[in-house]
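Here's a quick briefing to read with the model open beside you. Have a look at the fold first, then work through the points below.

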Amino acid sequence: MIANIVKPGDNTHGVLAYLFDKGRANEHTDQHIVASWDDFIPDPGPWDSPGHKQRLGQLTQALDLRVKQAGDKAPEGHVWHCSLRAAPEDRILTDAEWATIARRVLHTTGIAPDGDPDGCRWVAVRHAEDHIHIVATKVRGDLRPPRNWNDYHRAMKELTAIEQDFGLTRVARGPEAAAGTSAVKRPTRAEQEKAKRLGNGKTARDRLRHTVRAALSHAQDLDDFFNLLADAGLQVETRTLPSGDLQGYKVALPDENPPIWYSGSKLATDLSLPQIQKRLAAAEAPANPTESPAGRHLPNPWHQATAAAERIPHHIEHGNDPAVQAHLTVFSEVLYALPAHAPMELRDDLRRAAVAFEQAAHTRAQADHQHARALRGALKGMRDQSAGLSGLAMLLDTALVVVLAAQWRSALRHHDRQIAAARQTLVHLQAAYDQIAPAALAQFATYRPVDDTVHDYARVLREALPSHAEQIFGERGWPALTAVLAAAEAAGHDPDTVLRQAVQQRSVDDATSAAEVLVWRIQRLGERHASGPGARAAQAARPRARHTPHPGTGIQASYQPWQSRSGRSR
């Protein structure tokens with residue numbers, strides 16, 4: 001629940017007239033009083049009801065009575081106005097519940113303490129399902145002002161208790177709020193009403209922010225970033241200092257005439273020019289084919305991105321806050337880049353996942369982007385190379401684990417909004433993965449080796465992963481797993497060795513499909529340079545200890561409370 005105590009005013013009638021009026025965009029409905037200092041005061045009712053103006057005048061006079069009695073002793077700004085709004089996901093509260101909440105806030109702020117007959121006069125007005133307004137005049141019955149110092153912070157503390165007592169969404173406050181506050185600049189009410197009038201599902205600010213983030217996720221440098229913004233149809237202007245150095249930029253929608261400009265920092269704090277410059281500078285250069293020795297196989301940037309993303313849960317568990325924020329920031333950029341590389345039917349879920357993760361990824365820490373150079377470098381390389389079904393499915397599989405790790409971290413800090421945002425991200429990523437994985441696995445399965453080879457791989461799997469082997473044989477990913485093992489062997493890898501390496505990367509105990517997890521890991525391992533014959537002979541000569549998968553620890557064990565909610569355990 002959110003409270004907003006506005007700057008004190010002197011026009012009691014003006015505030016009441018607005019609350020009982022139809023609103024700027026006819027958004028006020030069923031205007032009525034839910035509670036007041038006196039159960040017998042007149043309720044003006046909706047603005048178009050018979051006798052409304054007369055009752056509104058009577059209510060104003062009753063509220064202002066002590067102000068007039070105090071005369072010159074009445075405080076300046078005698079109108080105390082506080083709005084209380086429930087979270088969008090909360091249930092609709094009854095009038096009686098709102099009345100109780102209003103009285104608790106008035107008591108804790110000192111405006112009208114319980115049992116005090118001289119408390120200030122007040123009314124609580126409801127003109128929407130999700131919020132109320134409390135209006136009070138700050139003169140007590142003894143004609144003194146109330147002791148309402150520090151009222152906002154006292155109200156915030158009481159709202160935390162109210163949320164718990166009424167089973168409402170817990171909103172981050174204090175130091176917790178600093179960590180949970182989004183970098184995103186929220187649209188103003190006027191922007192929201194304009195979007196509604198024009199029939200747009202999103203405000204101009206939101207549309208611009210999403211476009212800027214998508215461009216940034218593909219940009220190689222600053223000039224490329226501005227070119228991508230223009231290619232997306234945005235109006236773009238830059239500002240330069242007398243020295244010729246770039247000072248800032250601003251964007252507007254293509255259909256705005258005259259244009260309504262937004263600087264990057266007005267879209268989100270991390271989209272200011274200095275922040276973008278830091279992020280673009282912190283990247284390992286992608287591999288350049290012209291610099292590669294003849295015959296050398298260049299690494300696949302999609303595989304590199306997946307490998308870098310796989311390390312993010314470890315960084316989240318063990319890294320410091322600036323490093324964690326750097327990894328979450330670049331991973332957010334990866335999510336924004338995915339729709340451009342995905343089949344049409346996946347793009348909506350991927351866009352929604354990227355937008356949801358904005359909230360889940362943000363902390364108050366200043367990101368040290370140098371910690372995430374590998375993933376950002378791979379992201380730059382992804383722009384020029386097609387993912388294919390398998391590359392995208394592989395990265396989505398890893399993305400689910402990264403979001404679970406981010407959710408785990410937010411849960412440790414009780415950041416409820418970030419947890420909810422991570423859950424939404426998981427829903428959309430899972431939907432995208434479930435659509436693309438069957439086709440990607442079927443594509444691999446067309447290269448399934450002959451039966452004798454399959455039997456050999458089954459033996460290897462029983463030795464490397466005895467506790468999961470029989471389960472894997474019955475999964476839809478088993479044919480694809482034999483195909484990637486055959487491909488790795490054709491590239492010069494020992495199937496036994498590469499399978500054990502895949503198993504040792506991370507436990508598969510918490511995976512819904514161990515076969516699919518191993519497919520993506522072995523696909524990446526198979527791309528690496530294979531050991532020469534001498535090295536393979538030395539490896540074969542060494543005795544092998546049977547590998548028993550270790551139980552998940554740390555983050556992995558902690559994921560489980562949310563796995564059922566995300567719809568899939570990774």
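A cavity here is a set of grid points where a 1.4 Å probe fits but cannot get out, and its volume is the space filled by probe spheres set on those points. With that in hand, the largest cavity comes to about 50 Å³. Keep in mind that this is a predicted model.

**The big picture**
- You're looking at 25 helices and eight strands.
- The protein has 570 residues, and 52% of them are buried.
- Take the contacts between residues at least 6 apart in sequence: 73% of these join residues at least 24 apart.

**The cavity**
- Counting cavities of 30 Å³ or more, you end up with one.
- The lining of the largest cavity is made up of Leu216, Ser217, Ala219, Arg279, Leu280, Glu333, Arg376, Leu379 and Lys380.
- Sorted by class, that lining holds four nonpolar residues, one polar residue and four charged ones.
- Three helices each give at least two residues to the lining of the largest cavity: helix 7, helix 10 (273–281) and helix 15 (373–382).
- Helix 15 provides the largest share of that lining, with three residues.

- Thr203 sits in the loop that links helix 6 (189–197) to helix 7 (204–218).
- Is Thr203 buried or exposed? Thr203 counts as buried because its relative accessible area is 6%, and the cut-off for buried is under 20%.
- Leaving aside residues up to four places away in sequence, Thr203 touches Pro187, Glu191, Gln192 and Ala195.

- Strand 6 (residues 235–240) and strand 7 (residues 246–252) run antiparallel and are joined by six bridges.
- Val236 has Val251 of strand 7 as its bridge partner.
- Five residues lie between the strands in the hairpin of strand 6 and strand 7, and Gly244 in that hairpin takes a positive phi near 95°.
- Strand 7 also runs antiparallel to strand 8 (residues 262–263), and two bridges join them.

How values were computed. Residues numbered from 1 in each chain as written. Predicted model: local features only at pLDDT ≥ 70, side-chain atom pairs only at ≥ 80, totals over all residues. Heavy atoms only, no water. Helix = DSSP H or I, 4+ residues; strand = E, 2+ residues; numbered from the N terminus. Buried < 20%, exposed > 50% of the residue type's maximum accessible area, 1.4 Å probe, protein only. Contact = heavy atoms within 4.5 Å. 1 Å grid on protein atoms, 1.4 Å probe; cavity = no way out; pocket = protein on both sides within 12 Å on 5 of 7 lines; lining within 4 Å. Nonpolar A, V, L, I, M, F, W, Y, C, P; charged D, E, K, R; others polar. Pairing = 2+ DSSP bridges.
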